[in-house]
Amino acid sequence: MSDKRQPWVQDLLWRLEALGFDLFIGAVRLMGVDRASDFGGWLGKTFGPISGAHKVAARNLKLAFPEKDAAWHARILDEQWEGLGRSFAEFPLMDKILPSTGRVEVIGKERLEQIARDKIPVVFVSGHLSNWEVMPAAIVDSGVVCEMTYRAANNPYVDKRIKDSRFRYGVRLFAPKGGDGARELLEGMKEGRSVALMNDQKFNSGVAAPFFGHDARTAPGPTRLAIRFGTVLQPMSVQRLKGARFRAVVHEPIVPPKTGDRTADIEAGVRMINAFMEDRIRERPAEWFWVHRRWPNEVYAALAERERDAASST
């Protein structure tokens, strides 16, 4: 009996969750951009430090910046929780946070305009920096036709609402991650569309490449696409200026090597992307998504062992 009812129960839970999502979006949009961002920042600073993710973020900071003292780590943790809270509250309002609204300054805008004008597809790469939704917003606001990747929400009703929210600020094309998404990206580039991917998350079957002094498994997909289509990796980053105002930076293209050894060329491209991401994070450490377990389990185990040894020696 319970097995037969399970789909109904799941569907009901999904619908209730979607209702809560609708109420949240409605309340945030009534607040307006600045008040919603401030409120989200308060939520993040208040509740982030008591969540389980706080421990993950603290360990990540120790791995990336072992030379920094405890006071520095504590300050960065506080600032990153405020930023995450702001970004969460800003998401339903991204149609109001665009270069055309005056809230986003674009450095290197002429490069985006060139990509839009020449209609030569590129592979945009970035990471979860500041409010990362600003990057696709800046791309589409410049007129670039671009295929965006995303990780579908488990709740199909919430997933549709997320797509609708992005639709409001101009993102029309979606390529779900996975096998189907890979095919869509290939078709998109064949038809002259650029693609945009986040390349700073753990990818278990990816290439092991240095990241803050530790090897981190990184998705090779962006580099593979660039090599296959003879184009460049176009890195971008996002910086929070003050409140809900941002700077989107279009950096110099990364040209993957073409030595004829495809495996080595892909590995080299992945290392270049990791180096780019590390540089951006070192510039503004409080603005990265520290709550993600970026490194392999053995790296965290080694950190825990070092901390136990330090504690036992005092």
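Predicted model: local features only at pLDDT ≥ 70, side-chain atom pairs only at ≥ 80, totals over all residues.
Close-up 1. Helices here are DSSP runs of H or I with at least four residues, and strands are E runs of at least two, numbered from the N terminus. Just after α6, G143 has a positive phi of about 95 degrees.

**Close-up 2. Strand β2 and its two partners.** Strand β2 covers residues 123–126. V123 and V125 are buried on one side, F124 and S126 on the other. β2 runs parallel to β5 (residues 194–198), joined by four bridges. Pairing requires at least two DSSP bridges between two strands. S126 stands opposite M198 in β5. β2 also pairs with β8 (residues 233–242), in the parallel sense, over three bridges. V125 stands opposite P235 in β8.

**Close-up 3. Lining of the largest cavity.** L129, S237, V238, Q239, R280, E283, R284 and E287 line the largest cavity. β8 and α10 (262–283) are the elements that give two or more residues to this lining. β8 gives the most, with three residues. A cavity is a set of points on a 1 Å grid over the protein atoms alone where a 1.4 Å probe fits but cannot get out; lining residues have an atom within 4 Å of a point.

**Notes.** Residues are numbered from 1 along each chain as its sequence is written. Local features need pLDDT of at least 70, side-chain atom pairs count only at pLDDT 80 or more, totals for chains, interfaces and linings use all residues, and side-chain values use heavy atoms, without hydrogens and water.

Definitions and conventions
Buried < 20%, exposed > 50% of the residue type's maximum accessible area, 1.4 Å probe, protein only. 1 Å grid on protein atoms, 1.4 Å probe; cavity = no way out; pocket = protein on both sides within 12 Å on 5 of 7 lines; lining within 4 Å.
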